[in-house]
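The sequence and the structure come next.

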Amino acid sequence: ARIIRFHHKSEIRTAPLCKHFSVCGGCKWQHLPYSEQLKQKQQQVYDAFERLGKFAFSSMADIIPSEKQLYYRNKLEFTFTSRRWLYANEIDGDTQIDNLTGLGFHIPGRFDKIIDVEHCYLQPDPSNSIRLFVKKWAVEHNITFWDIRGQLGILRNLIIRNSSAGKVMVILVVSKFFDGLQHLLDAVAAAFPEIISLQYVINEKKNDDISDLEVILHKGDAFYIEKMGILDFKVGPKSFYQTNSYQAGHLYNIVAELAGLTGKEIVYDLYTGTGTIACFVAAHCAKVIGVESIPEAIDNAKENAILNNLTNTQFFTGDMAKIFTNEFMELHGMPDVIIVDPPRAGMHPAVVEHLIVSGAEKIVYVSCNPATQARDITMMADNYSVAIVQPIDMFPHTHHVENVVLLEKIMMAR
Ligand code: SAH
């Protein structure tokens, strides 16, 4: 829906921090005080679980806030545009706008509309400085910005990633090799010594997806190491890593605590991604089996296990509904504890069915969508009871809420 007119604004409404608020899709809840955001997220989880019927609300814990409410992301992808989005006051005013180039974010739902971002509150410095530097340098040297409708121009995307220790990876995506490319990258490297990895991609395709393209190293290392507790994780230009590093540590601690491992268990980590949860719990159980559909993520997971000298992890690639079968469990050992962290759509019914068949004592269900999570849990209601519901805020100023649920096997009367 689109707002046409405000009749009366809520008393709890607060002034959003960002000048791009309302147009940018990034932080849509900035007009709510953080305490209210948390209340709303808690309510979202409550509402989803209330539908379960038998659920005892005493098992619902208070949402864990994010310590950092600003600059909490470790990755942002900006898009270059030759015709940036104009604000109403720019269109109405008489002033001539001579430079229409922009480097920023897509307007939600509008593939061809990009706002030029002056300051983004999502990623710590030097993210803003790097973005502004690249834009200024490119304008001064007449390097063209991408025109998505005409499929013309050189500069396409700028991806910035950072580790908790302040190391920075920059990936510039261009439509073709051009004379000034090395010069531009050298200028960026010279201006920002924090950049320990500077890479570029040549993308001649219509879309912005670089997952099937070669990433070329210009300077530094091809990856950086992110630390979580005593573990090291290797993050490459295409690797998935939880975007709020600090809060990810909290999330994994909750998962480990709820799993209540003693050292003897066989643990399955389904939808393991790059194996981060699997590696996190490996020291506390007999063995961990990680399963995931993206082969490159499984390659990363195996590398992460080696990097951390873990010898009790095994990783498998496959579509969960097809790979997670009775035969799979018989082959790798029946699980005592299963951790699942599916995408927003939740789990395929066949996966839910096999969770029940597994007979695991505990299931820890991590979800970024309490609605599908509650739906899946409803299907298991005869066999598993909800012991603890623990929401956690990973993404302040957005409506997104992460929720962890501990399910315990219901002991059947003989
Ligand atoms: N647990 C991981 C991230 C999980 S995100 C972490 O904390 O980092 C969800 C993962 O599920 C993604 O890596 C995605 O590739 C994977 N996935 C999505 N659909 C899948 C399917 N049908 N079968 C197996 N894995 C799937």
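This is a predicted model: local features need pLDDT of at least 70, side-chain atom pairs count only at pLDDT 80 or more; totals for chains, interfaces and linings use all residues.

A polar contact is a pair of N or O atoms within 3.5 Å.

**Ligand site**

A nitrogen atom of the ligand lies 2.8 Å from an N or O atom in the side chain of Asp341, so this pair falls within the 3.5 Å limit for a polar contact. The protein covers 82% of the 570 Å² of accessible area that the ligand has on its own. Two further distances, together with that of Asp341, are set out in the table.

| Residue | Protein atom | Ligand atom | Distance |
|---|---|---|---|
| Asp341 | N or O atom in the side chain | nitrogen | 2.8 Å |
| Met320 | backbone N or O atom | nitrogen | 2.9 Å |
| Thr276 | polar side-chain atom | oxygen | 3.1 Å |

There are 16 residues around the ligand, and those that come nearest are Gln242, Tyr252, Glu292, Asp319 and Asp341. By residue class, the shell around the ligand consists of seven nonpolar, six polar and three charged residues.

**Aromatic pairs**

A pair of aromatic rings is described by the distance of the centres and the angle of the planes. Nine aromatic pairs occur in the structure. In one of them, Tyr268 and Phe328, the ring centres are 6.0 Å apart and the planes meet at 85 degrees, so the pair is edge-to-face. This pair links distant parts of the chain, with Tyr268 in strand S10 (residues 266–270) and Phe328 in helix H9 (residues 326–332), 60 residues apart. Tyr268 counts as buried because its relative accessibility is 0%. Phe328 also counts as buried, with a value of 8%.

Phe328 has another partner: Phe316 and Phe328 form an edge-to-face pair, at 5.5 Å centre to centre and 85 degrees between the planes. Phe316 belongs to strand S12 (residues 313–317), and 12 residues separate it from Phe328 in helix H9. Phe316 has 22% relative accessibility and therefore counts as partly exposed. Tyr268, Phe316, Phe324 and Phe328 form one aromatic cluster.

Elsewhere, lysines lie over ring faces. Lys9 lies over the face of Phe6, at 4.4 Å from the ring centre, and Lys234 lies over the face of Phe223, at 4.2 Å from the ring centre.

**Backbone details**

Most residues other than glycine have a negative phi, and most peptide bonds are trans. Ser22, which is not a glycine, has a positive phi of about 90 degrees. Ser22 is in the segment before H1, and at 62% relative accessibility Ser22 counts as exposed. Asn142 likewise has a positive phi, near 55 degrees. Asn142 is in the loop between H3 and strand S4 (155–162) and is exposed, with a relative accessible area of 68%.

The peptide bond from Asp125 to Pro126 is cis, with omega near 10 degrees. Pro126 is placed in the loop between strand S3 (110–116) and helix H3 (127–140).

**A contrast of sequence and space**

How many residues apart in sequence are Ile63 and Pro396? They are 333 residues apart in sequence, while their C-alpha atoms are 12 Å apart in space. Ile63 is in the loop between helix H1 (34–50) and strand S1 (75–81), and at 10% relative accessibility Ile63 counts as buried.

Methods: Residues are numbered from 1 along each chain as its sequence is written. Side-chain values use heavy atoms; hydrogens and water are left out. A residue is near a molecule or strand if one of its heavy atoms lies within 4 Å of it. A polar contact is a pair of N or O atoms within 3.5 Å; within protein, one must be able to donate a hydrogen and the other to accept it, and residues adjacent in sequence count only if both atoms are side-chain atoms. Accessible areas come from the Shrake-Rupley method with a 1.4 Å probe; for residues, only the protein chains shown count as cover. Ala, Val, Leu, Ile, Met, Phe, Trp, Tyr, Cys and Pro count as nonpolar, Asp, Glu, Lys and Arg as charged, and the others, Gly among them, as polar. Rings of Phe, Tyr and Trp (its six-membered ring) pair if their centres lie within 6.5 Å; planes under 30 degrees apart count as stacked, over 60 as edge-to-face and the rest as tilted. Helices (H or I, at least four residues) and strands (E, at least two) are DSSP runs, numbered from the N terminus. Buried means under 20% relative accessible area, exposed over 50%, partly exposed in between (1.4 Å probe, protein chains only). A charge sits over a ring if NZ of Lys or CZ of Arg is within 6 Å of the ring centre and within 35 degrees of the ring normal.
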